[in-house]
Amino acid sequence: MENIYDCQQLTKAIREGQVIPERSREYWGDDEQEKMTSLYNSGVGISQISLELQRSEMAVIQRLITENLLTPPGATRKRTAKPPHCLCVGCPMKQDCKRSKQTQEVCHAGNL
(Lines give C-alpha, C1' and ligand atoms only; values in the text may rest on other atoms or scores of the structure.)
Protein backbone atom coordinates (compact mmCIF):
# COMPACT_ATOMS: atom_id res chain seq x y z
CA MET A 1 0.00 0.00 0.00
CA GLU A 2 2.07 2.82 -1.31
CA ASN A 3 -0.39 5.68 -1.31
CA ILE A 4 -3.71 6.80 0.07
CA TYR A 5 -5.58 5.75 -3.06
CA ASP A 6 -4.43 2.13 -2.60
CA CYS A 7 -5.56 2.20 1.05
CA GLN A 8 -8.95 3.57 0.08
CA GLN A 9 -9.40 0.97 -2.64
CA LEU A 10 -8.43 -1.87 -0.31
CA THR A 11 -10.76 -0.59 2.43
CA LYS A 12 -13.61 -0.35 -0.08
CA ALA A 13 -12.94 -3.89 -1.37
CA ILE A 14 -12.93 -5.28 2.20
CA ARG A 15 -16.18 -3.48 3.03
CA GLU A 16 -17.84 -4.84 -0.10
CA GLY A 17 -16.64 -8.38 0.64
CA GLN A 18 -14.43 -8.61 -2.45
CA VAL A 19 -11.30 -9.09 -0.33
CA ILE A 20 -10.99 -10.96 2.96
CA PRO A 21 -8.39 -9.59 5.40
CA GLU A 22 -5.43 -11.95 5.88
CA ARG A 23 -5.93 -12.34 9.64
CA SER A 24 -9.70 -12.74 9.41
CA ARG A 25 -11.11 -15.29 11.89
CA GLU A 26 -7.76 -15.76 13.65
CA TYR A 27 -7.32 -15.30 17.38
CA TRP A 28 -6.02 -11.96 18.61
CA GLY A 29 -2.52 -12.15 20.06
CA ASP A 30 -1.35 -10.02 22.98
CA ASP A 31 1.05 -8.12 20.70
CA GLU A 32 -1.80 -7.38 18.27
CA GLN A 33 -4.01 -6.20 21.11
CA GLU A 34 -1.28 -3.88 22.41
CA LYS A 35 -0.63 -2.49 18.94
CA MET A 36 -4.35 -1.85 18.38
CA THR A 37 -4.66 -0.10 21.76
CA SER A 38 -1.57 1.99 21.10
CA LEU A 39 -2.73 3.04 17.63
CA TYR A 40 -6.25 3.85 18.83
CA ASN A 41 -5.00 5.88 21.81
CA SER A 42 -2.67 7.84 19.55
CA GLY A 43 -5.60 8.89 17.36
CA VAL A 44 -5.26 6.55 14.38
CA GLY A 45 -8.60 5.84 12.69
CA ILE A 46 -10.33 2.48 12.76
CA SER A 47 -9.94 1.98 8.99
CA GLN A 48 -6.19 2.52 9.20
CA ILE A 49 -5.91 0.22 12.23
CA SER A 50 -7.78 -2.51 10.37
CA LEU A 51 -5.42 -2.23 7.41
CA GLU A 52 -2.38 -2.23 9.67
CA LEU A 53 -3.51 -5.33 11.57
CA GLN A 54 -5.00 -7.04 8.49
CA ARG A 55 -8.41 -7.29 10.18
CA SER A 56 -11.86 -6.07 9.19
CA GLU A 57 -13.08 -2.75 10.55
CA MET A 58 -15.88 -4.55 12.39
CA ALA A 59 -13.36 -6.88 14.07
CA VAL A 60 -11.39 -3.85 15.29
CA ILE A 61 -14.56 -2.12 16.50
CA GLN A 62 -15.72 -5.23 18.35
CA ARG A 63 -12.32 -5.63 19.97
CA LEU A 64 -12.27 -1.97 21.04
CA ILE A 65 -15.71 -2.41 22.60
CA THR A 66 -14.59 -5.60 24.37
CA GLU A 67 -11.60 -3.75 25.81
CA ASN A 68 -13.83 -0.83 26.94
CA LEU A 69 -12.00 1.61 24.69
CA LEU A 70 -15.06 2.34 22.58
CA THR A 71 -18.70 2.70 23.62
CA PRO A 72 -21.16 0.78 21.46
CA PRO A 73 -23.71 2.90 19.57
CA GLY A 74 -26.92 3.45 21.52
CA ALA A 75 -25.40 2.45 24.85
CA THR A 76 -26.56 4.41 27.84
CA ARG A 77 -24.09 5.76 30.31
CA LYS A 78 -24.38 4.62 33.89
CA ARG A 79 -24.74 7.70 36.02
CA THR A 80 -25.50 8.07 39.68
CA ALA A 81 -27.83 10.77 40.89
CA LYS A 82 -26.20 13.52 42.87
CA PRO A 83 -27.98 15.03 45.86
CA PRO A 84 -29.19 18.59 45.30
CA HIS A 85 -26.74 21.22 46.42
CA CYS A 86 -26.30 24.95 46.21
CA LEU A 87 -24.62 26.15 43.04
CA CYS A 88 -23.89 29.59 44.39
CA VAL A 89 -20.16 30.16 44.52
CA GLY A 90 -20.32 32.33 47.61
CA CYS A 91 -22.72 30.19 49.64
CA PRO A 92 -21.11 29.09 52.92
CA MET A 93 -23.67 26.31 53.35
CA LYS A 94 -23.17 24.45 50.05
CA GLN A 95 -24.51 20.95 50.91
CA ASP A 96 -26.92 22.13 53.63
CA CYS A 97 -28.57 24.97 51.74
CA LYS A 98 -32.32 24.70 52.38
CA ARG A 99 -33.32 27.00 49.56
CA SER A 100 -31.61 24.94 46.85
CA LYS A 101 -33.16 21.72 48.24
CA GLN A 102 -36.67 23.15 48.20
CA THR A 103 -36.71 25.05 44.94
CA GLN A 104 -33.82 23.45 43.01
CA GLU A 105 -32.63 27.00 42.39
CA VAL A 106 -29.41 28.75 43.20
CA CYS A 107 -29.54 30.65 46.47
CA HIS A 108 -27.75 33.84 47.17
CA ALA A 109 -25.61 33.89 50.29
CA GLY A 110 -26.67 37.42 51.14
CA ASN A 111 -30.40 36.59 51.01
CA LEU A 112 -30.42 33.66 53.48
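Predicted model: local features only at pLDDT ≥ 70, side-chain atom pairs only at ≥ 80, totals over all residues.
A residue counts as buried when its relative accessible area is under 20%. Glu32 falls on the buried side of that cut-off, because its relative accessibility is 8%.

The overall plan comes first. The protein has five helices and zero strands, and from the N terminus on its elements run α-α-α-α-α. Of the 112 residues in the protein, 21% are buried.

Glu32 has its place in helix α2, which spans residues 30–41. The side chain of Glu32 meets that of Arg55 in a polar contact of 2.8 Å. With neighbours within four places in sequence set aside, Glu32 is in contact with Arg23, Tyr27, Leu53 and Arg55. Arg55, the partner in the polar contact, is found in the loop between α3 (46–53) and α4. Arg55 is likewise buried, because its relative accessible area of 4% is under 20%.

The side chain of Arg55 also meets backbone atoms. A polar atom of this side chain lies 2.9 Å from the backbone oxygen of Arg23, and a polar atom of the Arg55 side chain lies 3.1 Å from the backbone oxygen of Tyr27. Both Arg23 and Tyr27 are also among the residues in contact with Glu32. Beyond its neighbours within four places in sequence, Arg55 is in contact with Pro21, Arg23, Arg25, Glu26, Tyr27, Trp28, Glu32, Ser50 and Val60.

At a relative accessibility of 4%, Ser50 counts as buried. Apart from neighbours within four places in sequence, Ser50 is in contact with Arg55, Ser56, Glu57 and Val60. Ser50 and Thr11 are 39 residues apart in sequence, and their C-alpha atoms are 8.7 Å apart in space. The buried residues of α3 are Ile49, Ser50, Leu51 and Leu53, and what covers them includes α1 (4–15), α2 and α4.

The axes of α2 and α4 (residues 57–66) come within 11 Å and cross at roughly 90°. The two helices are therefore roughly perpendicular to each other. On the α2 side the contact is made by Gln33, Met36 and Tyr40, and on the α4 side by Val60, Arg63 and Leu64. These residues divide into four nonpolar, one polar and one charged.

Which residues make up the largest nonpolar core? This core holds seven residues in all, namely Trp28, Met36, Leu39, Ile49, Leu53, Val60 and Leu64. Helices α2, α3 and α4 each supply at least two residues of the core. Trp28, another member of the core, is in contact with Gln33, Met36, Leu53, Arg55, Ala59, Val60 and Arg63 once neighbours within four places in sequence are left aside. Among these partners, Arg55 is the residue whose side chain makes a polar contact with that of Glu32, while Met36, Leu53 and Val60 belong to the core.

The backbone deserves a look as well. Most residues other than glycine have a negative phi. Gln54 has a positive phi of about 60° although it is not a glycine. Gln54 follows α3 and has its place in the loop between α3 and α4. This is also the loop in which Arg55 is found. Is Gln54 buried, partly exposed or exposed? Gln54 counts as partly exposed, because its relative accessibility is 32%.

Asn68 also has a positive phi of about 60° although it is not a glycine. The place of Asn68 is in the loop between α4 and α5 (98–103). Asn68 is exposed, because its relative accessible area is 69% and the exposed class begins over 50%.

Notes:
Residues numbered from 1 in each chain as written. Heavy atoms only, no water. Helix = DSSP H or I, 4+ residues; strand = E, 2+ residues; numbered from the N terminus. Buried < 20%, exposed > 50% of the residue type's maximum accessible area, 1.4 Å probe, protein only. Polar contact = N/O pair within 3.5 Å; in protein donor to acceptor, adjacent residues only side chain to side chain. Contact = heavy atoms within 4.5 Å. Axes fitted to C-alpha atoms, helices over the stretch in contact; angles between N-to-C directions. Parallel < 35°, antiparallel > 145°, perpendicular 65-115°, else oblique. Nonpolar A, V, L, I, M, F, W, Y, C, P; charged D, E, K, R; others polar. Core = buried A, V, L, I, M, F, W, Y, C linked by side-chain atoms within 4.5 Å.
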